[in-house]
Structures are given as structure tokens and as C-alpha cells.
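User: I'd like to learn how to read a few features off a model. Can you walk me through some of them, general idea before the specific case?

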Amino acid sequence: MIRLQRAARFPSPPVTLGRSVSVHVPSVLAQTPAAKVLQQLRDNALARASPASEAARTSLKSTISSTLNTLDSDPASLSVQQLLVVVAHPNLVKIDHARLAKLLHLLVTLKTRFVPSAQHFNLLLTHLLQDYIDAVQTPYQPLKNPQVTRAGPLRGLDTPIDPETASLGLKIFETLDTLHIQSDGWTYSLRILLHMNASPQILSTIWNEYCDMYLPRALDAQGISFHSMSDASAVYDQTRLQPWAYNALFHSFSVGWFKGQRMYDPSIGINLSKVGTHQHKPTESTQTPSMPSSPASLIWSIYSHMKKSGVKPTLHTHESLLRAMLSIRPLDFKAIRKARAKLVPGQKYMAKIWRVSTFEAAMEAVAECGTDEEVEKLLDALDRRGIQLTRPLADSLMKFHALNGNHAKALEIHASTSHLPATHSTFTSLLESLSAASPDAVDSLVTKPLSLLLVVGSDQVGPTTFDLLFTYLLAHRDFPRLAGALKTLEETLIPAWRAKKVYGFSHSASGDVILGLPVVESIFAQHGHKKD
């Protein structure tokens with residue numbers, strides 16, 4: 001008899017393929033009639049298959065395909081069993097949005113014939129979001145079962161969720177709330193994934209709701225701490241967030257905070273100690289949502305809970321954790337070193353298992369607080385893997401040499417990678433390095449290419465990137481170029497931002513434009529002697 005060990009790690013009742021089946025049904029789910037039907041359907045469909053056989057999956061796919069055809073032609077004729085057999089296998093079929101919307105409608109209309117639970121909605125959301133789940137196997141597929149190829153390609157965390165998917169996901173969550181069904185850890189995991197492109201403020205709210213629902217919290221001298229959760233290796237724990245949810249959480253924090261460095265947006269809730277050029281929309285409140293007093297402590301508390309709850313971090317977890325720490329402003333070097341240390345045990349494998357994005361995160365950390373030896377180790381590993389310099393890698397190398405006074409080397413790297421699209425970090429490093437170049441270089445290397453990107457509303461730069469140019473020109477007392485930059489900002493950029501409604505600007509010309517501090521200082525430096 002083939003038995004599935006440690007079944008408690010999985011969200012649905014695990015099923016092991018083989019001549020006989022060992023089933024673990026959580027007591028909470030076993031009380032749900034529909035969950036019993038769901039388990040029986042899986043048993044009947046898969047129990048006779050051998051681990052290496054494709055026959056059961058082929059037969060099951062055929063049954064699901066037939067049911068989906070009935071869903072299109074006569075959905076009212078579907079039984080509860082037919083509905084649930086489709087919902088129960090997100091790893092076997094790819095269901096389009098229209099059919100998922102019909103399945104959601106049937107779940108609601110058939111609620112008088114069975115009791116819908118969070119598990120059913122989790123399965124629907126898994127069908128919807130499976131391409132974005134950062135895992136080899138998607139939910140509801142026990143690891144000891146034979147591998148099942150994804151029905152669609154893995155998009156990953158760097159790909160924004162498309163509007164149609166986001167809209168349907170929100171509708172599923174609204175239905176869940178309307179039916180007063182309590183969310184479990186998997187539901188919150190999927191909620192985080194659905195909102196991974198939202199602002200850090202929204203993600204913090206979701207995290208706090210999850211904590212309030214499932215985690216006993218206590219305040220200590222250092223802030224919020226979480227009681228250690230008991231070992232759930234023997235008992236299925238519905239409260240746990242999944243590893244890919246933590247990865248999405250850390251990744252989303254870093255994306256949001258990096259965005260806050262390029263532009264000012266009240267919804268991001270960034271630190272206003274250094275205001276960038278922006279425009280408050282007349283219809284919006286100018287009050288900025290409060291962010292945690294210490295973003296680093298928030299991230300570490302989330303990571304600590306992840307470890308205490310028994311969820312093992314992956315390479316992507318530590319990569320996303322490091323990126324989150326690198327995105328905090330002002331930089332917390334102690335936090336960066338601590339996060340980077342999490343990648344150290346895997347450095348001997350970096351020539352084999354590190355992804356390009358892992359190298360990019362590690363190189364940026366080294367650029368901020370590393371040594372020449374560490375840079376050389378990373379470059380050697382890149383050479384062994386045959387990985388060419390990407391824009392983030394080049395930006396980090398430029399930053400490292402610029403911060404360490406080797407400006408000529410930084411400009412040399414920029415020249416060799418000029419074919420790669422420039423970013424906020426590119427121009428930051430260039431401005432650090434221009435003391436080694438001729439005064440006219442700022443026009444060709446920064447002002448002209450940056451202005452072209454800003455006019456079209458590129459999301460790789462923002463108003464604060466242009467503010468950096470003012471800081472550089474003011475420091476060098478280059479008043480002619482300051483006058484030119486002010487003219488460009490007033491006559492070209494701000495009208496373009498309003499017209500395109502980018503960088504937080506609205507189309508209305510009546511909204512007040514708030515100039516960044518470097519711009520204001522530049523104006524006073526040029527015109528402060530005048531009476532007006």
C-alpha cells in the first residue's frame with residue numbers, strides 16, 4: 001500500500017495514486033457535505049491508476065472536457081458532482097474566464113443543495129491564478145503524487161495580473177464575503193497573490209487582517225511579535241499562508257517601495273521627508289496613508305512568522321526578502337546585510353541554481369554595502385553560467401564603482417551597456433559618476449535621454465529622477481543648465497504628464513503642482529536675489 005506521509009501540509013484532502021489509496025481528510029472539511037463529495041470524486045477517478053499511468057488522467061480530462069461542454073450548452077443540467085469534479089482539478093485543465101464565471105454562478109445557485117466552503121472558492125481562485133503561483137506544483141496536488149504539467153505557462157511575480165483576471169478574482173472574493181464564508185490561510189494566500197501589484201499599504205492591510213483572524217499577537221518593546229505556532233505536522237492547519245504567498249508579499253513590498261522612489265503617489269504612503277515633484281488630484285484627499293514606522297521591522301516580523309509557522313523559505317523567498325530590504329528608504333544597511341546573509345548558504349550553488357534575478361538582487365546588495373572581492377565572486381559565477389549583463393546588473397556595478405570613487409569605471413560600464421533601456425537607477429549612478437566626465441556629458445548622458453523617457457511616461461523613471469538632475473546641477477552651480485531644466489519641466493514635461501495622466505498627475509490643469517525640494521532650491525538659487 002502506498003501511503004502519503006505528512007498529509008497535513010496540503011490544503012485539500014491528499015490522495016495518493018496507487019493500487020490502494022490512503023486518504024487524510026481534515027476534520028473541519030469532513031463536516032462539509034460538498035467536501036465529502038469532492039473527496040469521493042477524486043477517489044473514484046484516481047484510485048485505480050498506477051503512479052506512472054496516464055490512463056486515469058486522460059480519462060479524467062475527458063470527463064472534465066465533456067462537463068465543460070455541458071456547462072456551455074446547458075449549465076442548469078449539471079449536478080453538484082459534475083460541478084465539483086471540474087472545480088477539484090486545477091492542475092489538469094485550463095478553464096477560461098467565461099467558464100470560471102459560470103462555475104462561480106453555479107456555486108451560488110446550487111448552495112441550497114450543498115454547503116459551499118472556503119475550499120471551493122480557493123479552488124476557483126487557484127484555477128484563476130495558477131499561472132502566477134510561484135511553485136513547481138500548484139495547490140491541491142500532493143507532492144508525492146506523480147508530477148502533473150501545468151495547464152498554462154508560469155508567468156511569475158514580475159508579470160502584472162491582467163485586468164480581466166483581477167476583476168474576476170475580486171468578484172470571487174466579493175461572493176465569498178457575501179455568503180459569510182470565513183477565509184482560511186489559503187484564501188488569504190490567494191488574496192495576497194491577487195493584490196501583488198497593489199500598493200504596500202493595501203498589502204499591509206491584508207496582512208493585518210490575516211494576523212487579526214489567525215495569529216495571537218503581543219506587543220513587546222520592539223513592536224509586534226507573534227507567538228510561535230504549534231507543530232502542525234500531524235494535524236492539518238488551515239491557518240497557514242503558503243510559501244508563494246510570502247514570496248508575493250515580499251516581492252510586492254519591494255515593487256511598491258521602488259515605485260515610490262521614482263514618483264510621489266499618496267496611495268503608496270512613502271516617506272514625505274523628501275517630497276518629489278507631483279500633482280495632487282483635486283478630487284483626492286491630500287492626506288497620506290500612514291506606513292509602518294519601521295518597514296524593515298514589519299518585513300522581519302512577517303519572515304519570523306513564516307519560519308515559526310513551519311513554512312520553509314525558498315530561494316525566491318530570500319531573493320524577495322533581500323529586494324524588499326533594498327527598496328526601503330533611507331537604506332538600512334544592517335537589514336540589507338542580514339537579508340543578504342540568508343543567501344550565503346546557497347552561494348556555493350549559485351553557479352547552478354541561482355536565477356538571473358537572484359544575481360541581480362545579490363549584486364545590488366553588494367553595490368550598497370559590499371566589497372571588491374564580493375563583486376568579483378558574483379562576476380565569476382555569472383561568467384561560468386554564461387549570463388550577460390542585464391540592466392539591473394549593470395546599474396548595480398555602476399553604483400558600486402561610483403560610490404567607491406571609481407567614476408571612470410562606472411562610465412565605462414555604462415558605455416558598454418548603453419543598448420539596454422535606462423532606469424531610475426541608471427541615471428542615479430550616472431550622476432554620481434559624471435565628475436570624471438566633461439561638463440557637456442550631462443546633456444548627452446542624462447538630460448536628453450531622461451527627458452525622452454519622461455515625456456512618454458516610462459515607468460522605469462519618474463519625476464524624482466528628474467529632481468536628481470536638479471540636485472546635481474545645483475551642486476555644480478551650473479546655472480545655465482538649471483535654467484534649461486526648469487524650462488523643460490515647465491513647458492514640456494508637466495504638460496505631457498497631465499495629458500497622459502502619468503506619475504500621479506491628473507488631466508485637469510487646475511491641480512496644484514508640488515515641486516520637489518531640489519527644484520525649489522534651484523529656483524531660489526537662481527532668482528532668490530530678485531524682489532519677486
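This is a predicted model: local features need pLDDT of at least 70, side-chain atom pairs count only at pLDDT 80 or more; totals for chains, interfaces and linings use all residues.

User: What is the phi of H180 like?

Analyst: General idea: most residues other than glycine have a negative phi. H180 isn't a glycine, yet its phi is positive, at about 55°. R477 also has a positive phi, near 55°, and is found in the loop between α20 (463-475) and α21 (479-500).

User: Is H180 buried or exposed?

Analyst: The cut-off for exposed is over 50% relative accessible area. H180 has 73%, so it counts as exposed.

User: On to charges. How many salt bridges are there in the whole structure?

Analyst: The general idea is that side chains of opposite charge can pair when their charged atoms come close. A search of the whole structure turns up 13 salt bridges. One of them joins R99 and D72, with 2.5 Å from N to O. Here R99 belongs to helix α5 (residues 97-109) and D72 to helix α3 (residues 55-73), so distant parts of the chain, 27 residues apart, get linked.

User: What does E374 pair with?

Analyst: R340, with the closest N and O atoms 3.2 Å apart. R340 is buried at 17%, and E374 is partly exposed at 23%.

User: Where do negative charges gather on the surface?

Analyst: Look at the patch formed by D372, E376, D380 and D383. Among them, E376 lies in helix α15 (residues 372-385) and is partly exposed at 45% relative accessibility.

User: Last one: what does T317 touch?

Analyst: Leaving out residues up to four places away in sequence, T317 touches N247, F250 and M306. T317 is part of helix α12 (residues 315-327). Buried means under 20% relative accessible area, and T317 comes in at 0%, so it is buried. T317 and A245 are 72 residues apart in sequence, yet their C-alpha atoms are 9.6 Å apart in space.

Conventions. Residues are numbered from 1 along each chain as its sequence is written. Side-chain values use heavy atoms; hydrogens and water are left out. Patches are made of residues with over 30% relative accessible area and no salt bridge: like charges are joined within 9 Å, nonpolar side chains (Val, Leu, Ile, Met, Phe, Trp, Tyr) within 5 Å. Accessible areas come from the Shrake-Rupley method with a 1.4 Å probe; for residues, only the protein chains shown count as cover. A salt bridge is a side-chain nitrogen of Lys or Arg within 4 Å of a carboxyl oxygen of Asp or Glu. Lys and Arg count as positive and Asp and Glu as negative; His and the chain ends are not counted. The place of a charge is taken as NZ of Lys, CZ of Arg, CG of Asp or CD of Glu. Helices (H or I, at least four residues) and strands (E, at least two) are DSSP runs, numbered from the N terminus. Buried means under 20% relative accessible area, exposed over 50%, partly exposed in between (1.4 Å probe, protein chains only). Contact means heavy atoms within 4.5 Å.
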